[in-house]
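Keep the 3D view open as you read.

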Amino acid sequence: MTARDARGPVPIVGAAVPHESAAGHVTGAALYTDDLLARYPGLLHAWPVLSPHAHARLLSLDTAPALEVPRVVTVLTSADVPGEGDTGPARRDEPLFPDEVMFHHQPVAWVLAETLDDAQRGAARVIAEYEELPAILTIDDAIAHDAYLAGPFRITRGDVGAVETCALQCTGELRIGGQEHFYLETQAALAWLDETDGVALHSSTQHPSETQEVVARVLGVPRHRVTVECLRMGGGFGGKETQASAWAAIAALAAWKTKCPVRVRLTRQLDMALTGKRHPYLARYEAGFAKDGTLQALRLSLWSDGGYSLDLSTAIMWRSMFHCDNAYHLRAVDVVGYVCRTHKTSQTALRGFGGPQGMVVIEEILAQAAARLGLPADTIRERNFYRPGDTSHYGQPVEGAERLATIWTMLKETSDFDRRRAEVTAFNAGSPHLKRGLAITPAKFGISFTATFYNQGSALVLVYRDGSVQVNHGGTEMGQGLFTKVRQIAAGALGVSADRVRLMPTRTDKVPNTSATAASSGTDLNGAAVEDACRQIIARLTTVAAGILECDPSMVRISSGLVSGGGRSVPFADVCEAAYHARVPLFAQGFYRTPGIHFDPATGQGHPFYYFTYGAAVSEVEVDRFTGAHRLRRVDILQDVGDAISPIVDRGQIEGGFIQGAGWLTVEDLLWDGEGRLATGSASTYKLPSWSEVPERFEVAFLPRATQPGVVSGSKAVGEPPLMLAISVREALRDAVAAFGDRNGAARPVVTFDSPATPERVFFAIQAHVR
Ligand code: MTE
Ligand code: HPA
Ligand code: MOS
């Protein structure tokens, strides 16, 4: 045996390999949808005619002046729709060409021209007359007008009358701002008529099958005539789960009408004006605590600002209600959720999908109770943790709850929490104008689509006679590293090196009827489906190899591209060639459905999640008394990713997710003006986290020995959960603001502020709490 044999082959699953497109991402070689336009001669460009009102009736539309502009080809209106002119994913409430305009900038027609400039010039010439109607622009307005898209939804357990008899009552209201996705690649689609009477599209979509469905609906054709491909996305973050389809529909409709290839790509400002965001929320709560800080009962009402149409708002509200416990055992709870209808863009999925809003609320409540009871915030959190055997308020046993305490204890140690608490206190005692704050917060996140039927994955794996492999599956790559992980899974399952495995762009004609790549479940679903396909192929190849090697099939091993047994080995490719000649198929479809999950919205009870992920973060901030400006000094994270399939990818997801969460909670501030126009509608007015928001010290670790049974490779989802660890930044800011009020012997002030905790809000919080 050689030394290498003794050690065994280097495992591919679990190896720290770079993202499969890392080099392409940084050199610019990686192609995105809109990079392909040069391949389509005669391509037309589309530009919308935009409504100047948030709510209005469209009285007339005169497109003739646009047609006088040179190189303008045509103007798309409702008269051009052969099928159903509505792209709504949940309800038919998103007309492509509305008679009643429902948000500021809503497109009412699209101009097609040979260049983008000409299309824009044409759009400026279209004459539209409107009758302005009153617009509802805030959650409070919507409540006052009874304007709801959905709800109330409810989850109840126990007797919340207990609130009034508790030693401590905390009541209040919290406003939580939305968030722009700011994917680097804006919404884009390219459509053309193919050679066999079909419509083909490149689309930057998280959900190619739904984009196909919407295009087919608009064109009035069966879905088999529409093929959608997603090469990769320059970020989706939930913003392309449903909201990629309208642009694809416009491109397809225009190609249908003109017979030319058509490109739709939103500019940054158009994208920000036209596409949905994370839902802003209003929460009202009444919570009762025992003297020791344990939460006894909670009454909670949540209102989300859904914008003009339903989109995913129902599922998002359910996820908020599922996550209003975060990591804490709610003994008695009554949570009610409403989706408000406002004249704004239709708010949509954004990393965390409503979970973050629910979790921010419970952390706010615990922080206030801690201050009022004179307990350290970390103590009250720990005292309320789920313990093994506990059940969530929606009736699901909280399996793995013991990981919460483990993570908490480990992270406190590795982050040196107690010593730094003392250090922060000492620093603050000597620093009147700069104060530091320190906080540790946990995060538990439920994995699975809450609509059970979405929890399925499909794959098509093709092995060629030379032993090279193409993998197709239903998931899309948006930078999160799904393709990197699936490649590792396929190479591991087939026993070949990763460079023998090619991941193909996602296409609806390779794998049909797929789910969105969302809910952090891309690898769990598609990775398992690919593994299923690979195992079938390996079973067949094993039989063939046993014949070649003249050994029992149970002796055959395939690894590192070699097939061994009976003391001999042959190259993988030779076995593939032999299989072909023996008329054994070298391809297989794979399928996976998540077992054991169900949920009944009528009762608010069930088992909606296959499992929970757990994590915790410690954040330390420094706040300037005179400006409210703050900086992140240090962040320590311990996250449960199961057995990491791809540790570099997972680390990237944790770091990126955390910073995106910190952006949402501390710098990104969506503002609409009195007309319903997005006032922070470009990169110059909407502040994003960047290098200056990255903590000076950033320590990320995975929970060791964390194998998750029943999930592909024992791994756990990682895409969304780390975002919610950024709540530790919000809580560290609260700690720092309170420190401005520290005086000898005096109780700490109860500090409250809405989200995001921008410097301005932090400044006013200091003013409010410091005498
Ligand atoms: N990471 C990158 N780089 N870009 C993205 O768009 N989207 C996030 C997360 N991480 C996203 C990302 C969201 S909202 C989800 S649901 C998951 O990735 C989806 O991918 P997964 O299911 O493969 O984790
Ligand atoms: N998460 C993300 N996207 C979704 C979900 C969910 O739970 N349900 C439907 N789309
Ligand atoms: Mo992610 S918000 O589930 O696309």
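First, some ground rules. This is a predicted model, so local features need pLDDT of at least 70 and side-chain atom pairs count only at pLDDT 80 or more, while totals for chains, interfaces and linings use all residues. Residues are numbered from 1 along each chain as its sequence is written, chains are lettered from A and ligands numbered from 1 in the order in which they are written, and side-chain values use heavy atoms, with hydrogens and water left out.

**Domains**

The protein splits into domain 1 (2-30 + 456-593) and domain 2 (388-450 + 610-771), with bounds that come from an automatic or database domain assignment. Taken over C-alpha atoms, the centres of the two domains sit 38 Å apart. Their contact (heavy atoms within 4.5 Å) takes 27 residues from domain 1 and 22 residues from domain 2.

**Cores**

In soluble globular proteins, nonpolar side chains tend to be buried together. A nonpolar core here is a set of buried Ala, Val, Leu, Ile, Met, Phe, Trp, Tyr and Cys residues joined through side-chain atoms within 4.5 Å. Buried means under 20% relative accessible area, exposed means over 50%, and partly exposed is in between (1.4 Å probe, protein chains only).

The largest nonpolar core has 154 residues, and F289 and F658 touch the most other members. Helix α15 (residues 522-549) supplies the largest share of this core, 13 residues. Helices (H or I, at least four residues) and strands (E, at least two) are DSSP runs, numbered from the N terminus. Domain 1 and domain 2 each give this core at least three residues. Apart from it lies another core, of 56 residues, and W47, A113, A123 and A216 are among them.

What does F658 touch, leaving out residues up to four places away in sequence? Its contacts include F698, P722, L723, L725 and V729.

Helix α18 (residues 727-739) is worth a look too. With 13 residues at 1.5 Å a residue, α18 should span 18 Å, and its end C-alpha atoms are 19 Å apart, which agrees; the expected span is 1.5 Å times one less than the number of residues. Is α18 largely enclosed or largely open? Since 13 of the 13 residues of α18 are buried, the helix is largely enclosed by the rest of the structure.

**Around ligand 1**

Ligand 1 is surrounded by 17 residues, and the closest are G236, F237, M478, G522 and Q653; a residue counts as near if one of its heavy atoms lies within 4 Å.

| Residue | Atom on the residue | Distance to an oxygen atom of ligand 1 |
|---|---|---|
| F237 | backbone N or O | 2.8 Å |
| Q480 | polar side-chain atom | 3.1 Å |
| S521 | backbone N or O | 3.1 Å |

**Two buried polar residues**

Q708 sits in the loop between β29 (697-702) and α18. At 12% relative accessibility, Q708 counts as buried. Its side chain makes a polar contact of 3.2 Å with the side chain of K716, and Q708 also touches residues including R403, Y611 and G642.

R319 belongs to helix α9 (residues 313-322) and, at 2% relative accessibility, counts as buried. Its C-alpha atom is 9.0 Å from that of P356, 37 residues away along the chain. Among the residues R319 touches are F353, F445, A519 and F609.

Most residues other than glycine have a negative phi, and most peptide bonds are trans. So here are the exceptions to check.

A cis peptide bond joins G151 and P152, with omega about 0°, and P152 lies in strand β7 (residues 148-157). Another cis bond joins S755 and P756, with omega about 5°; P756 is in the loop between α18 and α19 (759-769).

E550, not a glycine, has a positive phi of about 55°. E550 is in the loop between α15 and β21 (557-559) and counts as exposed at 69% relative accessibility. S713, also not a glycine, has a positive phi of about 60°; S713 is in the loop between β29 and α18 and, at 28% relative accessibility, counts as partly exposed.

How values were computed
A polar contact is a pair of N or O atoms within 3.5 Å; within protein, one must be able to donate a hydrogen and the other to accept it, and residues adjacent in sequence count only if both atoms are side-chain atoms.
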